[in-house]
Amino acid sequence: MHFQLDPETATFRDEVRAHLERVLTPEFEERVYRSGVSHDHDFVVGLVDNGYFAPSWPPEFGGQNRNAWDEQVLKELTMRFDAPVYLSETTRMVASIIQQVGTPEMKDRILAAAMNGEITIALGFTEPECGSDVAAAATRAVRHGDSWVINGSKMFTTNGHIADYIFLLARTDPDKPKHKGLTMFLVPTTAEGFEAQAVWTLSGERTNITFFSDVRVDDQWRIGEVDGGWQVLALSLQDEHASGWGPHLARLLEHAEHWAATAATPNGKPPIADRDVRRRLARAAMETEVSTLLQRRCVWMVEQGEVPVAEGPMSKVFSTEALERASQDIVEMVGPDGLRSYLEPTAPERGRFDHTLRFSLGTTIYAGTSEVQRTIIAQRGLGLPR
Ligand SMILES: Cc1cc2nc3c(=O)[nH]c(=O)nc-3n(C[C@H](O)[C@H](O)[C@H](O)COP(=O)(O)OP(=O)(O)OC[C@H]3O[C@@H](n4cnc5c(N)ncnc54)[C@H](O)[C@@H]3O)c2cc1C
């Protein structure tokens, strides 16, 4: 196993970093935060124009035929810079599923437009009554000839108010066992009967509750087999579960180190002179390193043709819980000033300690809660009984 980047990937990383440093100005960061939306069309166009939107895809889809390591450094950097890529990521994830199981017509209609930033796709899995047990989805799709009529609601449809499509999980046969009566659709948000209402989270992010009231879609918007939705969804959940959040920790650490080296104290010495400050920074630094290695192990496995079924969840659980631990610890280290608002010019590090603490709390919930990830590790990684 190796964790090192080869020279070509290191060059690619430097190019991407230079691009992000150029476009992610403090004014841009402020605008994105105030909007609560992790998406910016011009930013996406910049990624597409440079071949950074989906570098491992072939050139006809704007890619560069790059490898999994190149994708990984791009992911690490966009996270490290807190770039507004959430909607791009869900779009790319669904595009990749369409590439695997979509009809030729669906591929023609969606793939090129998704990969050049013209269309966007949000995820509609969770419902007000079920999230972890996503197979219990109750949103109904009933067939009428060549079309489907959809009724129900979805919770936390992040970016559902601006996306062009919702990748929707719906129940098509209520009489079959719950995993066997589900079907996936791509629902245009322009369809009559679709509505998105804002739900604001602790971190300042906008997500949505979405409603589907007699939404009619043609059968051509179905993805995969009728009642075969669980297999299609599994492709997406696996992708989500394999996410690593170490770069957010790295960013927090960078600010904490800067604060420790420069903040004024009553005794005239910088905080780093205090042994307790050094201990807390060292712990965050170790957990950053472990998070990076756990995530890179998944990339290495993918490169070997293996699926990181349990290793992905290990990376997700460790990195998100480490982010929570470090955010809490660093706010305690900085003291009350650490809770001054994000982007307030006089707050230490422009309030990033406050923001990361609030932001970290959601990371152990979405893309599979820590409890759900631990169950996957126990059952599929360690072979423990259900
Ligand atoms: C900011 C944010 C953005 C999101 N964006 C999206 C999105 O774009 N699209 C989308 O579809 N969803 C999205 N989600 C939903 C997210 O995936 C769910 O919140 C998550 O899966 C948990 O589901 P739930 O909220 O229904 O909680 P529940 O499933 O009700 O869980 C409540 C608690 O019980 C625990 N629990 C549940 N089942 C078990 C079990 N079997 N064993 C042990 N413990 C268990 C959970 O771990 C949790 O602690 C988002 C959520 C948030 C907070």
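Which polar backbone atom is 3.1 Å from an oxygen atom of the ligand? That atom belongs to Gly-131. This is a predicted model, where local features need pLDDT of at least 70 and side-chain atom pairs count only at pLDDT 80 or more, while totals for chains, interfaces and linings use all residues. Residues are numbered from 1 along each chain as its sequence is written, and side-chain values use heavy atoms, with hydrogens and water left out.

**The ligand**

| Residue | Protein atom | Ligand atom | Distance |
|---|---|---|---|
| Gly-131 | polar backbone atom | oxygen | 3.1 Å |
| Phe-156 | polar backbone atom | nitrogen | 3.1 Å |
| Thr-369 | polar side-chain atom | oxygen | 2.6 Å |

On its own, the ligand has 970 Å² of accessible area (Shrake-Rupley method, 1.4 Å probe), and the protein covers 63% of it. Around the ligand are 15 residues, each with a heavy atom within 4 Å. Ser-132, Phe-156, Thr-158, Thr-369 and Glu-371 come nearest. By class, the shell has seven nonpolar, six polar and two charged residues. Gly counts as polar.

**The domains**

The chain is divided into domain 1 (7–84), domain 2 (121–228) and domain 3 (242–381). These bounds come from an automatic or database domain assignment. Domains 2 and 3 each give at least three residues to the ligand shell. Their centres, taken over C-alpha atoms, are 33 Å apart. Four residues of domain 2 are in contact with six of domain 3, with contact meaning heavy atoms within 4.5 Å.

**The cores**

A nonpolar core joins buried nonpolar residues (under 20% relative accessible area) through side-chain atoms within 4.5 Å. The largest has 70 residues, and Ile-110, Phe-125, Phe-167, Leu-186 and Ile-223 have the most contacts inside it. A second, separate core of 22 residues includes Ala-256 and Val-331.

Conventions. A polar contact is a pair of N or O atoms within 3.5 Å; within protein, one must be able to donate a hydrogen and the other to accept it, and residues adjacent in sequence count only if both atoms are side-chain atoms. Buried means under 20% relative accessible area, exposed over 50%, partly exposed in between (1.4 Å probe, protein chains only).
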